[in-house]
Amino acid sequence: MTDTRVVTGGCLCGSVRYEYDGEVGHAAYCHCSDCRRVSGGPFTISVRMDKEHFRLVKGEVKSFVSLSDAGTQIARCFCPECGSPIYGYRPESGDRFFVKAGTLDDPSLVQPSDQFWTKSAVSWGRIPPNLPAFETGRP
């Protein structure tokens, strides 16, 4: 997906809010073990954004730097109040942020185009089409 518009988003508790006014890059699924642990789910979905067009408009993030499954450093930035992951980047080439798709105010902007680290994908990370589904909470 390539799009240019003002994009907004933030964390669960509202302490961190951001705006982005550049070209919205592609979105992708990542199945690596780090992304599973960060998201608490079977994968994460991130959207590429250029650092120069991204700005925090409320609050500050805390970061944690670790080595990725690929052996590169990744800084993962999150809300220090509620713990919501907001974005990640590579410190050695920090011109791009990988914003967590779940933090966007308009989730319709996200159309993942590919997936990475599928060798680490968990078998239970796929939702069987015949599984009962409810539009809201369980009845």
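Partly exposed describes a residue whose relative accessible area lies between the buried limit, under 20%, and the exposed limit, over 50%. All close-ups show a predicted model.

**Close-up 1. Aspartate 21 pairs with arginine 55 in a salt bridge.** Aspartate 21 has a relative accessible area of 35%, so this residue counts as partly exposed. Arginine 55 is partly exposed too, at 33%. The closest N and O atoms of the pair are 3.8 Å apart. The bridge links distant parts of the chain: arginine 55 sits in strand β7, aspartate 21 in the loop between β3 and β4 (23-24). The two are 34 residues apart. Glu19 joins Asp21 and Arg55 in a network of salt bridges.

**Close-up 2. Arginine 17 forms a salt bridge with aspartate 105.** Here the closest N and O atoms lie 2.5 Å apart. Arginine 17 belongs to strand β3 and aspartate 105 to the loop between β11 and β12 (114-116), so the contact ties together parts 88 residues apart in sequence. Aspartate 105 is partly exposed at 41% relative accessibility. Arginine 17 is partly exposed at 26%.

**Close-up 3. Arginine 76 and aspartate 34 form a salt bridge between buried residues.** The closest N and O atoms are 3.6 Å apart. Arginine 76 lies in strand β9 (residues 73-78). Aspartate 34 lies in helix α1 (residues 33-39). The partners are 42 residues apart and link distant parts of the chain. In total, the model has four salt bridges.

**Close-up 4. Three strands make an open antiparallel sheet.** The strand order is β2-β3-β7. Strands β2 (7-10) and β7 (54-58) are the edges, and each pairs on one side only. From one strand to the next, the twist averages 25°. Four bridges join β3 (residues 17-20) to β7 in the antiparallel sense.

**Close-up 5. The largest nonpolar core holds 20 residues.** Val7, Val47, Met49, Phe54, Tyr87, Val99 and Leu104 touch the most other members. Strands β3, β6 (44-50), β10 (85-89) and β11 (96-100) each give two or more residues to this core.

**Close-up 6. Valine 47 and its contacts beyond four places in sequence.** The contacts of valine 47 include Val24, Gly25, His26 and Ala27. Phe97, Phe98 and Val99 are also among them. Ala101, Leu104 and Val110 touch valine 47 as well.

Note on methods:
Residues numbered from 1 in each chain as written. Predicted model: local features only at pLDDT ≥ 70, side-chain atom pairs only at ≥ 80, totals over all residues. Heavy atoms only, no water. Pairing = 2+ DSSP bridges. Axes fitted to C-alpha atoms, helices over the stretch in contact; angles between N-to-C directions. Core = buried A, V, L, I, M, F, W, Y, C linked by side-chain atoms within 4.5 Å. Buried < 20%, exposed > 50% of the residue type's maximum accessible area, 1.4 Å probe, protein only. Contact = heavy atoms within 4.5 Å. Salt bridge = Lys/Arg side-chain N within 4 Å of Asp/Glu carboxyl O.
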